[in-house]
Amino acid sequence: TIDLGSLQNTTLDTINMVAERALETALDAQEHESATAERKRDAWCTLAGIVDKNPYLAQAQAACAQWRQYIEDEAKLEASMMSDYNVLVGYVDLRRRTKEMKLAAIDSFLSAYGKYGQRQEVLAARKARDNIAADRPAGISADGDEDGLLIDSCPDQAEDKDGDADDDGCPEVSTVQAAGAAAGAAGTAVRDAGLHLYLFEYDNFRANTGTGVNFGLWDQTGVPPKWDQLSLRPTVSWVNRVSWGPLETGVHLNWDLARDIDDGAVSLDAHAGGRLFGVKGWTPSVGVDLRNALELSEGRRGGLGVYVANDLFPVGGLHLRVVYRYGLEPPGAMLPVHSLQLEMLLGAITPEGAPLFELLGDLLDDD
């Protein structure tokens, strides 16, 4: 404390205006609440440096020495606070220390340094106390990225000190980078949710072969003695299908188990369609199919239809496909009006290999 009561002038011949103005500056700094210790030190030391006709010399020298000592002591205390904080971080992370012991250590730290209320170490210690009191992890760490922030959203990346008042602990990103990061995060969320788009992935090639079982509601028109009747009949199929990006096509060799071979039991069907997305192990697709493609040119059975399908991957290496077809058959044709096909696709030729082929290869290697 500086006694300013004795700082007074009595005659004009003793007045030194340089000293008077320096005194004004020192008193303003002393009384200003936001003035830093360095500003107060410099103001008093400036006054103490005026030796000629300076009636305030003794008081200024004392104030200058006091502020210098204060700043030196504060520097030592702050250095001690950083060291003690690092010790505290390690202590609250110990598994065998009780909650009460950790709270006591934090209280000791706050008792010593609590007056530095806006220092990162103090703020972090208070946060740790709240967390531990609520039975949560302390949630504090040392300043690993050396950005001066201990409450840090990015502890491994230094904050950009660019004067934009952003102190979250993370480096700045441009608008383009932020938009790209948001889009990437959205893409990751969509991918994690199981949604996959095929629209532009023309390098995604897959060829399947397998077997199928079909149960269809067939129109018996033209088959005596079942005129204008509908019946449920099974069909077995050899399925071959190719997909490339969003496109798919394939052929089915079908055998109608309710017919004889010479009564049109065997037919060759073709289909083509598209798929745009897949979700969590299934991929829907739609398209058109052509019934009895080999016989259509002869004016006999045949016609166009539409289908809705869904590819299923319930477990690794198992590929199932469920297809619903509705035949747009011409009058008098013997085509299914509605049919439901279950296909088990046994092999696949893909860049990643085929699970069935890999399994056979492993068996052969074991032999």
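Reader: Which strands each supply at least two residues of the nonpolar patch?
Author: The model is predicted: local features need pLDDT of at least 70, side-chain atom pairs count only at pLDDT 80 or more, and totals for chains, interfaces and linings use all residues. Numbering starts from 1 along each chain as its sequence is written, and side-chain values use heavy atoms, leaving out hydrogens and water. Strands (DSSP E runs of at least two residues, numbered from the N terminus) that each supply at least two patch residues are β2 (205-219), β3 (230-244) and β4 (247-256).

Reader: Which strand gives the largest share of the nonpolar patch?
Author: V213, F215, L232, V236, W238, L253, W255, L257 and V266 make this surface patch of about 840 Å². W255 lies in strand β4. The largest share, 3 residues, comes from β3.

Reader: How is α3 oriented relative to α4, roughly parallel or roughly antiparallel?
Author: Helix α3 (residues 57-92) and helix α4 (residues 99-113) pack with axes 11 Å apart, at an angle of about 170 degrees. Angles over 145 degrees count as roughly antiparallel. Therefore α3 is, relative to α4, roughly antiparallel.

Reader: Which residues of α4 make the contact with α3?
Author: From α3, the contact (heavy atoms within 4.5 Å) involves L77, S80, M81, D84, Y85, L88, Y91 and V92. On α4, the residues are M101, K102, A105, I106, F109 and Y113.

Note on methods. Axes fitted to C-alpha atoms, helices over the stretch in contact; angles between N-to-C directions. Helix = DSSP H or I, 4+ residues; strand = E, 2+ residues; numbered from the N terminus. Parallel < 35°, antiparallel > 145°, perpendicular 65-115°, else oblique. Patch = residues over 30% accessible without salt bridge, like charges linked within 9 Å, V, L, I, M, F, W, Y side chains within 5 Å. Areas by Shrake-Rupley, 256 points an atom, 1.4 Å probe, with all protein chains shown as cover. Salt bridge = Lys/Arg side-chain N within 4 Å of Asp/Glu carboxyl O.
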